[in-house]
Amino acid sequence: ILEFGTDLVHSKDGTITALLGASPGASVAVPIMIDVLKVAFPEKLKTANWQEKLSEMVPFWNKEIEKNIEDFQKAQANSSKKLELDVLH
């Protein structure tokens, strides 16, 4: 079977994790790495320090955009401003 895409594979205990397949682009790189953290470091990911740092780096790693529209729009506006992007509405 010929398949395209990227897969995260890991041992049952998460001690070894690998990303196999097509080279991930920027649009999937962050979600894939968050999946790696969930598999490789599940206990650390439960700690306040890790959650706080991840939320600082990736504000919506554990939130649904649809349920947090206003916060998402603020984060999007902040990112657009920092990146000097013109946002079309």
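The structure on the slide holds two aromatic pairs. For the criterion, rings of Phe, Tyr and Trp (its six-membered ring) pair if their centres lie within 6.5 Å; planes under 30 degrees apart are stacked, over 60 edge-to-face, and the rest tilted.

Before I go on, the provenance. This is a predicted model, where local features need pLDDT of at least 70 and side-chain atom pairs count only at pLDDT 80 or more, while totals for chains, interfaces and linings use all residues. Residues are numbered from 1 along each chain as its sequence is written, and side-chain values use heavy atoms, with hydrogens and water left out.

Buried here means under 20% relative accessible area, exposed over 50%, and partly exposed in between, with a 1.4 Å probe and protein chains only.

In the pair of Phe60 and Phe72, the ring centres are 5.5 Å apart and the planes stand at 80°, so this pair is edge-to-face. What does this pair tie together? Phe60 lies in the loop between helix H3 (48-57) and H4, and Phe72 lies in helix H4, so the pair links parts that are twelve residues apart in sequence. Phe60 counts as buried, at 17% relative accessibility, whereas Phe72 is partly exposed, at 24%.

Phe60 also has a charge over its ring: Lys63 lies over the face, at 5.3 Å from the ring centre. The cut-off is NZ of Lys or CZ of Arg within 6 Å of the ring centre and within 35 degrees of the ring normal.

Now the secondary structure. The protein chain has four helices and two strands, in the order β-β-α-α-α-α from the N terminus. These are DSSP runs numbered from the N terminus: helices are H or I with at least four residues, strands E with at least two.

Strands E1 (residues 6-10) and E2 (residues 17-21) pair in the antiparallel sense over five bridges; pairing requires at least two DSSP bridges. Val9 has Ala18 in E2 as its bridge partner. The two strands form a hairpin with six residues between them, and Gly14 in the turn has a positive phi of about 75°.

Finally, of the 89 residues of the protein chain, 11% count as buried.
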